[in-house]
Amino acid sequence: MAEYTAPLRDMRFTLEHIADLAGVSALSAFAHVDADSVFSILEENARFMEDLVAPLNRVGDLQGSVRNDDGTVTTPEGFADAYKAYVDAGWGAVSFPPEYGGGGFPWLMSIAMQEILTSANMAFSMCPLLNQGAIDMLLHHASEEHRETYLPKMVTGEWTGTMNLTEPQAGSDVGALATRAVPQDDGTYRITGTKIFISYGEHDMSENIIHLVLARTPSAPPGTKGISCFIVPKYLLDADGHPGERNDVSCVSIEHKMGIKASPTCVLSYGDAGAGAVGFLIGEENAGMRYMFTMMNNARLSVGLEGLSLSERAFQMARGYARERKQGRAPGAPAGEQSAIIEHPDVRRMLLTMQSSIEALRGVVYLNAAAIDHANHGSSDVDREAAAELADLLTPVSKGWGTDLGVELTSLAIQVYGGMGYIEETGVAQHFRDARIAPIYEGTNGIQAMDLVGRKLPMRAGGAITDYLARIEALDDELAAAGDDLASIRTNLASALSSLRSATDWLLANGMANPLDALAGATPYLRLFSVVTGGWVMARQALAARRALTGAAPADMAFYEDKAGSARFFCEQLLPQVIGLVPAITATNRDLAAARF
Ligand SMILES: Cc1cc2nc3c(=O)[nH]c(=O)nc-3n(C[C@H](O)[C@H](O)[C@H](O)COP(=O)(O)OP(=O)(O)OC[C@H]3O[C@@H](n4cnc5c(N)ncnc54)[C@H](O)[C@@H]3O)c2cc1C
């Protein structure tokens, strides 16, 4: 089975020309960061992931994680050792603040590293991913004492974090959760209840597991306004801060899943043995949901990235297979000889659909990460607010479109393989199975679409989206100046943008009066918005490639020509498809409401 090679050159192109790494590095928080150090770290990271983590992807799928009779969980062969090497190399710490042992690098860089990690092995990547979410929550909202107690070990990855939201009756509707937290005289809380689907809720890769648990105090108001967030360590810490007594949280079972089999998805029971697990309140009571929102952009972006990473790995496999597999004779090929399937126009269509969609998605995801960096570290309030708005708009695109594409493109990779794609030994089916969860967790894609239409479009009474559309339109002058070369890209972007604008105007005008109509059109709107954003990224790619071609060394010409070609394919062939979504966006809720299921 083909392994994975990090697409460092493509990543560098996107970092430089789409996400403006130079602009991010120029922020005062990143004074120590220069492009060369970013790229040399990425190279080293790629070597580590390719050599140590990617080869475990298959074994992880075959063996899965296993719960033992004593409630412990054993991860697949090689996982614990690879994780230790990951911790020793300091990979988990790169983007966290130096005061807790991190490297203080931009989020943009972390996202590029996460792309490589997740392509190498998505099930493995879930452990650092959940830890990252927990660290983010503590950084923003925990007391100084809690930060000092937990963060240094979590930043290195010696301890891993989990996010405990879901309960059987509380999935998308987090406000329905019932886990209880009862305050004690010593200031701690006793947590009782059951959480389901907790990724890496129990495992054998770290010394301690720091669960962040959403629960209700006895006096909490109903719904999301009554949710508090608690730190519940698997092992309580002794006087020296080392893992000591076992807390009352246990893994009662793990799920048998369609994909990411190596990632243990646990049912966790709190308080089985007595009065409850010991928990420590983060921030204030009843503010848990607000806290979750502040870290949502990062977490959703990382999940969107899973779609990108799996598509990239599946694409590499499909391209490799198509070069080798001989079948049929392509028009013009010598008589009597079979051609490699990569010669057939339809196979090339599938591969270029994958390649150009991956490039567009990488641009969106990296741009989103750069916006988060500017939102956190911009030099003025105005810059920070503008960047936060951009990140807010792009997050449902990265998460929703990214994960939908993850499923579509990994499926296309199977199609390139033909029957062998459906056979497990080739390994390509694993990526499709692994990808299928991403549109579901971290807010289903239906919820992402509702977020875009219900929360993001009304930002600044429609001002944020108006500015965003104007930003895309502003590229038109540059495209016009490029002349015939980019004429088709210019026309197609303008026409898709005009459809997005009319759909947006319709939603803004009707959404308040008829929220059901707006919600009925939310998912096709998210797709239209996303693909137009992808078209914008690809138009910028074409412009950047054109600039780079002037004076490029002969050895580099093919790379930039391919970038331009891929951008043209996206804008001419994929972008126009979404114009047809406008009727679905503006159709109203009439037929959905009337349907008798
Ligand atoms: C492998 C895996 C790992 C996970 N890891 C974690 C974890 O680490 N921590 C954690 O807390 N949780 C985790 N989850 C849980 C995950 O976040 C939830 O499954 C997800 O939020 C959806 O909730 P649900 O399964 O209850 O589906 P439901 O909420 O029941 O949704 C079912 C369908 O109804 C739709 N729907 C629901 N409400 C609405 C609405 N208001 N409007 C429109 N449509 C709606 C949804 O879009 C979906 O299509 C994980 C789940 C899995 C499978």
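A: Start with Lys 563 and Phe 13. The charged end of Lys 563 sits over the ring of Phe 13, and the distance to the ring centre is 5.5 Å. Keep in mind that this is a predicted model. A second case involves Arg 246 and Tyr 235. Here the charged end of Arg 246 lies over the ring of Tyr 235, 5.5 Å from its centre.

Now turn to rings that pair with rings. Searching the whole structure gives 15 aromatic pairs. One of them joins Tyr 468 and Phe 529. Their ring centres are 5.3 Å apart and their planes meet at 10°, so this pair is stacked. The cut-off for stacking is under 30 degrees between planes. Tyr 468 belongs to helix 15 (residues 463-473), while Phe 529 belongs to helix 19 (residues 522-549). The pair therefore ties together parts that are 61 residues apart in sequence. Both Tyr 468 and Phe 529 are buried.

Rings can also gather in a group. Phe 79, Tyr 83, Tyr 86 and Phe 124 make up one aromatic cluster.

Phe 124 leads on to a helix contact. Phe 124 is among the residues of helix 7 that touch helix 6. The axes of helix 6 (residues 107-120) and helix 7 (residues 122-141) come within 7 Å and cross at roughly 150°. The two helices are therefore roughly antiparallel to each other. On the side of helix 6, the contact uses Trp 107, Ser 110, Gln 114, Leu 117, Thr 118 and Ala 120. On the side of helix 7, Phe 124 is joined by Met 122, Ser 125, Pro 128, Leu 129 and Gln 132. Sorted by class, this contact has 7 nonpolar and 5 polar residues, with no charged ones.

Two single residues complete the tour. Met 292 is part of helix 9 (residues 288-324). Its relative accessible area is 7%, so Met 292 is buried. Beyond its neighbours within four places in sequence, Met 292 contacts Met 137, Met 163, Leu 165 and Leu 214. Val 94 is 198 residues from Met 292 along the chain, and their C-alpha atoms are 23 Å apart.

Ser 398 is in helix 11 (residues 381-417). Ser 398 has 0% relative accessibility, so it counts as buried. Leaving out residues up to four places away in sequence, Ser 398 touches Leu 301, Gly 304, Val 364, Val 365, Asn 368 and Thr 403.

Definitions and conventions. Residues numbered from 1 in each chain as written. Predicted model: local features only at pLDDT ≥ 70, side-chain atom pairs only at ≥ 80, totals over all residues. Heavy atoms only, no water. Axes fitted to C-alpha atoms, helices over the stretch in contact; angles between N-to-C directions. Helix = DSSP H or I, 4+ residues; strand = E, 2+ residues; numbered from the N terminus. Parallel < 35°, antiparallel > 145°, perpendicular 65-115°, else oblique. Contact = heavy atoms within 4.5 Å. Nonpolar A, V, L, I, M, F, W, Y, C, P; charged D, E, K, R; others polar. Phe/Tyr/Trp six-rings, centres within 6.5 Å; stacked < 30°, edge-to-face > 60°. Buried < 20%, exposed > 50% of the residue type's maximum accessible area, 1.4 Å probe, protein only. Lys NZ or Arg CZ within 6 Å of the ring centre and 35° of its normal.
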